[in-house]
Amino acid sequence: MPDEPTYRIRALHTEDTVTVYQAYRPEIGEPAARTGRFPGAWKRDRMTWIKPSFLWMMYRCGWGAKEGQETVLAVEIRRDGFEWALRNACLSHYQRGLHPDQATWKRQLRQAPARVQWDPERDLHLAALPYRSLQLGLAGEAAARYADEWTVAISDVTPLAHEIHGHVRRGEVEAAARLLPEERAYPAGEELLGHLMA
């Protein structure tokens, strides 16, 4: 996609929700998908990273084959919550020209309940593409809101991940592509992303 901007949120979204992906060990992922809520074993005091890009999640979890990431979850969350996190996020690395100085950036990072990383988006072979995909880290208040207020539904998409991967392994790229979630540009302008684009 030559016209893709370097920084853009691409996601499966509706008028009210946006779908993000995470991968967990089965003891967490399976009860989360069954009940639609994260179980007690889910650590609220740790930063949790959510990813709107299905293929970036596949890259991270190895199609659900990496240890501790065997259960891939699609978590549908409220758009107002997602946007609150973006508004209150800090870029995870110092960027000259975006931050006044390193000390200011470090202070913002410490205080922010969310942080953003932009990593190369991936294709079906999990090779890096020339544009970037959002990762959103939630801690403290943001993690609590994610679990208790923003989450609308949790689905286990591990079988889908394995099915797509099977097509890719057999060289059936078109069949694999047809199964991908329909991610499109998320309407996030300067107000949401201006302070997060390197």
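How many bridges pair strand 2 with strand 4, and in which sense? Strand 2 and strand 4 are joined by eight bridges in the antiparallel sense.

## Basis of the description

The model is predicted, so local features need pLDDT of at least 70 and side-chain atom pairs count only at pLDDT 80 or more, whereas totals for chains, interfaces and linings use all residues. Residues are numbered from 1 along each chain as its sequence is written, and side-chain values use heavy atoms, with hydrogens and water left out.

Helices (H or I, at least four residues) and strands (E, at least two) are DSSP runs numbered from the N terminus. Two strands pair if DSSP finds at least two bridges between them.

Strand 4 (residues 71-78) pairs with strand 8 in the antiparallel sense over five bridges, and Val75 has Ile154 in strand 8 as its bridge partner.

## Strand 2

In strand 2, eight of its eight residues are buried, that is, under 20% relative accessible area, with exposed meaning over 50% and partly exposed in between (1.4 Å probe, protein chains only). Thr17, Thr19, Tyr21 and Ala23 point one way, while Val18, Val20, Gln22 and Tyr24 point the other way. Tyr24 has Thr71 in strand 4 as its bridge partner.

A second topic is the open sheet of four strands in the order 3-7-6-5, with mixed pairing. Its edge strands, strand 3 and strand 5 (89-91), each pair on one side only, and the twist averages 40° from one strand to the next. Strand 5 and strand 6 (residues 114-122) run parallel and are joined by three bridges; Cys90 stands opposite Arg115 in strand 6. Helix 3 packs on this sheet, touching strand 5, strand 6 and strand 7 (128-138), at about 95° to the direction of strand 7. Helix 5 (residues 140-150) lies across strand 3 and strand 7, running at about 85° to strand 7.

Ile50 belongs to strand 3 (residues 48-50). Why does Ile50 count as buried? Ile50 counts as buried because its relative accessibility is 1%. Beyond residues up to four places away in sequence, Ile50 touches residues including Val20, Ile77, Leu134 and Tyr146.

## Nonpolar cores

A nonpolar core is a set of buried Ala, Val, Leu, Ile, Met, Phe, Trp, Tyr and Cys residues joined through side-chain atoms within 4.5 Å. The largest has 36 residues, and those with the most contacts inside it are Ile9, Phe38, Leu86, Leu136, Leu138 and Tyr146. Helix 5 gives the largest share of this core, five residues. Apart from this core lies another of 17 residues, among them Tyr21, Phe54, Ala161 and Ile164.

Leaving aside neighbours within four places in sequence, the contacts of Leu136 include Trp49, Ile50, Phe82, Leu86 and Val116.

Terms used:
Contact means heavy atoms within 4.5 Å. Axes are lines fitted to C-alpha atoms, for helices over the stretch in contact, and angles run from 0 to 180 degrees between N-to-C directions.
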